[in-house]
Amino acid sequence: MDFKAIHNTVIVEILHESIKEETSAGGILIMTPQTNGLDVNTVRAKVVSVGEGKYHEKTGQHIPITLQVGDEIVMNGAVGAKLNEKLRVVGVDDIFAKIV
């Protein structure tokens, strides 16, 4: 199934979760924060679709989103709607930074 972002949202593919799940030899699930330079509440993701931007009521135009497909970002890991195992739709305001 294909998805396209609308309005002031982007669809991202999660590249790096901030929580690592491991199973011990006894079968116990161990969840460990993996910072790798990132805060525990953040995830690294790649933009796969960009909406047209926020609608400006006075001008009747959209304010474009400054991200492009393929950009890597750091975003709040606790937000967004999960579309499948790897894809999530998030609002632009929940994106902290573009990785350059």
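Author: This is a predicted model.

Reader: Which elements does the protein chain have?

Author: The protein chain has ten strands and zero helices. Read from the N terminus, the order is β-β-β-β-β-β-β-β-β-β.

Reader: What percentage of the residues is buried?

Author: Of the 100 residues in the protein chain, 26% are buried. The accessible surface is about 6,800 Å², and carbon and sulfur atoms hold 52% of that surface.

Reader: How do I read a nonpolar core?

Author: In soluble globular proteins, nonpolar side chains tend to be buried together. Here the largest nonpolar core has 13 residues, and those touching the most other members are Val10, Val12, Leu67, Ile73, Met75 and Ile95. At least two residues of this core come from each of strand 1 (9–16), strand 4 (42–50) and strand 7 (72–76). Strand 4 gives the largest share, four residues.

Reader: Which residues is Ile95 in contact with, leaving aside neighbours within four places in sequence?

Author: Ile95 is in contact with Val10, Leu67, Ile73, Val74, Met75 and Val90.

Reader: Is Ser49 buried or exposed?

Author: Ser49 has a relative accessible area of 8%, and buried means under 20%, so Ser49 is buried. Ser49 is in strand 4. A polar atom of the Ser49 side chain lies 2.9 Å from the backbone nitrogen of Ala5. Beyond neighbours within four places in sequence, Ser49 is in contact with Phe3, Lys4, Ala5, Val10, Ile11 and Val69.

Definitions and conventions: Residues numbered from 1 in each chain as written. Predicted model: local features only at pLDDT ≥ 70, side-chain atom pairs only at ≥ 80, totals over all residues. Heavy atoms only, no water. Buried < 20%, exposed > 50% of the residue type's maximum accessible area, 1.4 Å probe, protein only. Areas by Shrake-Rupley, 256 points an atom, 1.4 Å probe, with all protein chains shown as cover. Core = buried A, V, L, I, M, F, W, Y, C linked by side-chain atoms within 4.5 Å. Contact = heavy atoms within 4.5 Å. Polar contact = N/O pair within 3.5 Å; in protein donor to acceptor, adjacent residues only side chain to side chain.
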